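The following explanation is intended to be read alongside the sequence and the three-dimensional view. Please keep both at hand.

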Amino acid sequence: MGVPHAKTVIAYAFGNDWINLIQPFWALPFLTVVKLNFREIVGYTALIFVVTGVVILLGLTFIPF
């Protein structure tokens, strides 16, 4: 397909990390310690998801490999 191997690997890694922001199971131990409800952080998670998506998209589009 003509895509450099390095760019493919980085896109896969960023995509995997980005999708994990939708289901923030990584935050469950943190929520237990600080005694927060899950719905109290979902808005922040959605905001980080959008901002990170834009940064990843711009990085993969405009950075030459």
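The paragraphs below proceed from the confidence of the model to its overall form and then to individual residues.

This is a predicted model, in which local features need a pLDDT of at least 70 and side-chain atom pairs count only at pLDDT 80 or more, whereas totals for chains, interfaces and linings use all residues. Residues are numbered from 1 along each chain as its sequence is written, and side-chain values use heavy atoms, with hydrogens and water left out. The pLDDT is the predictor's confidence in each residue, from 0 to 100. Its average over the chain is 80, and 98% of the residues score at least 70. Confidence is lowest in H1, with a mean of 78, and highest in H2, at 85.

The chain contains three helices and zero strands, arranged as α-α-α from the N terminus on. Helices (H or I, at least four residues) and strands (E, at least two) are DSSP runs, numbered from the N terminus. Helix H1 covers residues 5-19, helix H2 covers 28-34, and helix H3 covers 42-62.

Along the principal axes, the C-alpha atoms fill a box of roughly 50 × 15 × 15 Å. The radius of gyration of the chain is 15 Å, whereas a compact globule of 65 residues would have a value near 11 Å. This radius is taken over C-alpha atoms, and the globule rule is 2.2 Å times the number of residues to the power 0.38.

Of the 65 residues, 17% are buried; buried means under 20% relative accessible area, exposed over 50%, and partly exposed in between (1.4 Å probe, protein chains only). The chain exposes about 5400 Å², of which carbon and sulfur atoms supply 75%. Accessible areas come from the Shrake-Rupley method with a 1.4 Å probe; for residues, only the protein chains shown count as cover.

Which residues make the nonpolar surface patch of about 370 Å²? They are Phe25, Leu28, Phe38 and Val42. Nonpolar side chains (Val, Leu, Ile, Met, Phe, Trp, Tyr) are joined into a patch within 5 Å, and like charges within 9 Å, given over 30% relative accessible area and no salt bridge (a side-chain nitrogen of Lys or Arg within 4 Å of a carboxyl oxygen of Asp or Glu). Phe25 is found in the loop between H1 and H2 and is exposed, at 56%. The C-alpha atoms of Phe25 and Phe38 are separated by 9.7 Å, with the two residues 13 apart along the chain. Val42 lies in H3 and is partly exposed, at 37%.

Lys35 is found in the loop between H2 and H3. Its phi is near 60°, a positive value in a residue other than glycine. Lys35 is exposed, with a relative accessible area of 72%.
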